[in-house]
Amino acid sequence: MKTFQVEQSLLFLNKFQDLEGVKIDFSDKYSKLLQNFSKELDAVRKIYEKNKEDPPLSRNLTPTAGRITWARQLYQRISIPIKLLQDKIHLNKTDDGKQLIKNFNKIAEALLQYEVLFYRNWERSIDLIKKGMQSTVYIRHPETKVCFQ
């Protein structure tokens, strides 16, 4: 099951839970959603591991911006469903929920570190470019007075 399906399923179940007078046990549905979301976390982890060296980039982005965007998209893919799950289920009270949170945190940390790494490298390259732009463009030979570029 894909993330958007997990997300849509959660929103769908929320609509039924919010109805007055409806007494339905959703615990089995939520446990199935937890299993599906756990599979989705594994899928995102595999995508990250496979593509982190050379991720698919959008046509109109620089390589650095493309890598940061790619990492943010992967993060968003897993963050929305976990927020919805945490609103309805006390994930930290079950062993499965604790493991799910642990896996989510590992993946989220790796994605954030990936983003920060490329952002800092970009920052350093900007500093080098600034130094280059502040350097002297023309140099005059002290004896012959000839200008060089």
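Helices (H or I, at least four residues) and strands (E, at least two) are DSSP runs, numbered from the N terminus. By that scheme, Val6 falls in helix α1. This is a predicted model, in which local features need pLDDT of at least 70, side-chain atom pairs count only at pLDDT 80 or more, and totals for chains, interfaces and linings use all residues. Residues are numbered from 1 along each chain as its sequence is written, and side-chain values use heavy atoms, with hydrogens and water left out.

- In soluble globular proteins, nonpolar side chains tend to be buried together.
- Phe37 is in contact (heavy atoms within 4.5 Å) with Val6, Ile78, Pro81, Ile82, Leu85 and Leu100, when its neighbours within four places in sequence are left aside.

**Packing of α2 with α4**

- The axes of α2 and α4 (lines fitted to C-alpha atoms, for helices over the stretch in contact, with angles from 0 to 180 degrees between N-to-C directions) come within 10 Å and cross at roughly 25 degrees.
- Helix α2 is therefore roughly parallel to α4, on a scale where angles under 35 degrees count as roughly parallel, over 145 as roughly antiparallel, 65 to 115 as roughly perpendicular and the rest as oblique.
- The α2 and α4 crossing is left-handed, a term for a near helix turned anticlockwise from the far one by less than a right angle, with right-handed used if clockwise.
- On the α2 side, the contact is made by Leu34, Phe37, Ser38, Leu41, Val44, Arg45 and Tyr48; on the α4 side, by Leu100, Asn103, Phe104, Ile107, Ala110, Leu111 and Tyr114.
- The residues of the contact of α2 with α4 comprise 11 nonpolar, 2 polar and 1 charged, where Ala, Val, Leu, Ile, Met, Phe, Trp, Tyr, Cys and Pro count as nonpolar, Asp, Glu, Lys and Arg as charged, and the others, Gly among them, as polar.

**Packing of α3 with α4**

- The axes of α3 and α4 are 10 Å apart, at an angle of about 155 degrees, and the two helices are therefore roughly antiparallel.
- The crossing of α3 and α4 is left-handed.
- In the contact of α3 with α4 there are 18 nonpolar, 3 polar and 3 charged residues.

**Packing of α2 with α3**

- Helices α2 and α3 pack with axes 11 Å apart at about 165 degrees, and are therefore roughly antiparallel to each other.
- The α2 and α3 crossing is left-handed.
- From α2, Tyr30, Leu34, Phe37, Glu40, Leu41, Val44, Ile47, Tyr48 and Asn51 meet Trp70, Leu74, Arg77, Ile78, Pro81, Ile82, Leu85 and Lys88 of α3.
- The contact of α2 with α3 divides by class into 13 nonpolar, 1 polar and 3 charged residues.

**Individual residues**

- Val6 is buried, with a relative accessible area of 0%, where buried means under 20% relative accessible area, exposed over 50% and partly exposed in between (1.4 Å probe, protein chains only).
- The C-alpha atoms of Val6 and Glu49 are 22 Å apart, the two residues being separated by 43 residues along the chain.
- Lys15, in helix α1, is exposed, with a relative accessible area of 61%.
- Lys15 and Ala108 are 93 residues apart in sequence, and 28 Å separates their C-alpha atoms.
- Lys29, in helix α2, is partly exposed, with a relative accessible area of 46%.
- Lys29 and Leu13 are 16 residues apart along the chain, with 8.5 Å between their C-alpha atoms.
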